[in-house]
Amino acid sequence: MCTLTTSFRHKIARIWSTSFMVRPVHKYDKEILSVLLENGKIQLSELSKKTNLSVSSCQRRVKNLEESGVIESYQAVVNPKLVGMGFQALVFITLSQAAGEKITEFEKALEKIPCIIEAHRIFGEQDYVLLVATPDLTAYQEAYDTQLSLLPNIKKVETTLLMKEIIPHRIIL
């Protein structure tokens, strides 16, 4: 099951500081995060039972995780098939020029295309990989012809169709 969000799936457990150093996460905080990843709507009393911490300790720790940015947001995980967006493709894009304003212009253009549910800048032969969701192949072809292939500064576009999700998004704590 994939999420239909504009953020990179649901980024609940960001553990990078502004200097990109890994923050140590206390074992109780890891337990809390593991439970919240499974059920972000859990009541504090139930969270307390599952982590063997007091309700006040859970509340304080969750608040600290939220305020420190470890927990960025709480989001619903939506089944794309059940909302009519069951056709998914990975789109690999190589830019003509991968520098400066050309990158910024390209990335801003990506944000305007609603069928792109994830976008990542990558190392390697291609510059970007996009996860695109549409109702069917015909809708994908329309999006490709009228939006994706017309993105600025594109040298090459390659599409790979997704057959089956083996491992849903998970965060390792």
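# Helices, salt bridges and cover

Author: In helix α1, the residues D29, I32, L33, V35 and L36 are buried. This is a predicted model, in which local features need pLDDT of at least 70 and side-chain atom pairs count only at pLDDT 80 or more, while totals for chains, interfaces and linings use all residues. Residues are numbered from 1 along each chain as its sequence is written, and side-chain values use heavy atoms, with hydrogens and water left out.

Reader: What does buried mean, and what counts as exposed or partly exposed?
Author: Buried is under 20% relative accessible area, exposed is over 50%, and partly exposed is in between (1.4 Å probe, protein chains only). By that rule, 34% of the 173 residues of the chain count as buried.

Reader: How do you know that the span of α1 agrees with 1.5 Å a residue?
Author: The expected span is 1.5 Å times one less than the number of residues. For α1 that should give 16 Å, and the end C-alpha atoms are 17 Å apart, which agrees.

Reader: Why are the buried residues of α1 said to line one face of the helix?
Author: The arc is taken from the directions that lead from the helix axis to the C-beta atoms. Seen down the axis of α1, the buried residues fall within an arc of 165°, so they line one face. The face turned away from the buried side carries the exposed residues K27 and E38.

Reader: What covers the buried residues of α1?
Author: The cover includes α2 (44-51) and α3 (55-67). A contact here means heavy atoms within 4.5 Å. The loop between α1 and α2 holds I42, which touches V35, L36, L47 and K50 when residues up to four places away in sequence are not counted.

Reader: Why is I42 called buried?
Author: Its relative accessibility is 14%, so I42 counts as buried.

Reader: What makes the pair K63 and E67 a salt bridge?
Author: A salt bridge needs a side-chain nitrogen of Lys or Arg within 4 Å of a carboxyl oxygen of Asp or Glu. K63 and E67 meet at 3.8 Å, N to O, and form a salt bridge. Both residues lie in α3, four residues apart, about one turn of the helix. An α-helix has 3.6 residues a turn, so residues three or four places apart point the same way.

Reader: Are K63 and E67 exposed or partly exposed?
Author: K63 has a relative accessible area of 46% and is partly exposed, whereas E67, at 56%, is exposed.

Reader: How many salt bridges does the whole structure have, and which residues are linked in a network?
Author: A search of the whole structure finds four. E125, K156 and E158 are linked in a network of them. The side chains of K156 and E125 meet at 4.0 Å, N to O. K156 lies in strand β4 (residues 154-161) and E125 in the loop between β2 (116-121) and β3 (128-134), so the pair ties together parts that are 31 residues apart in sequence. In the bridge of E158 with K156, the closest N and O atoms are 3.2 Å apart.

Reader: How many disulfides does the structure hold?
Author: A disulfide is a pair of cysteine sulfur atoms within 2.5 Å, and the structure holds zero. C58 is buried at 0% relative accessibility, and C115 is buried at 9%.

Key
Helix = DSSP H or I, 4+ residues; strand = E, 2+ residues; numbered from the N terminus.
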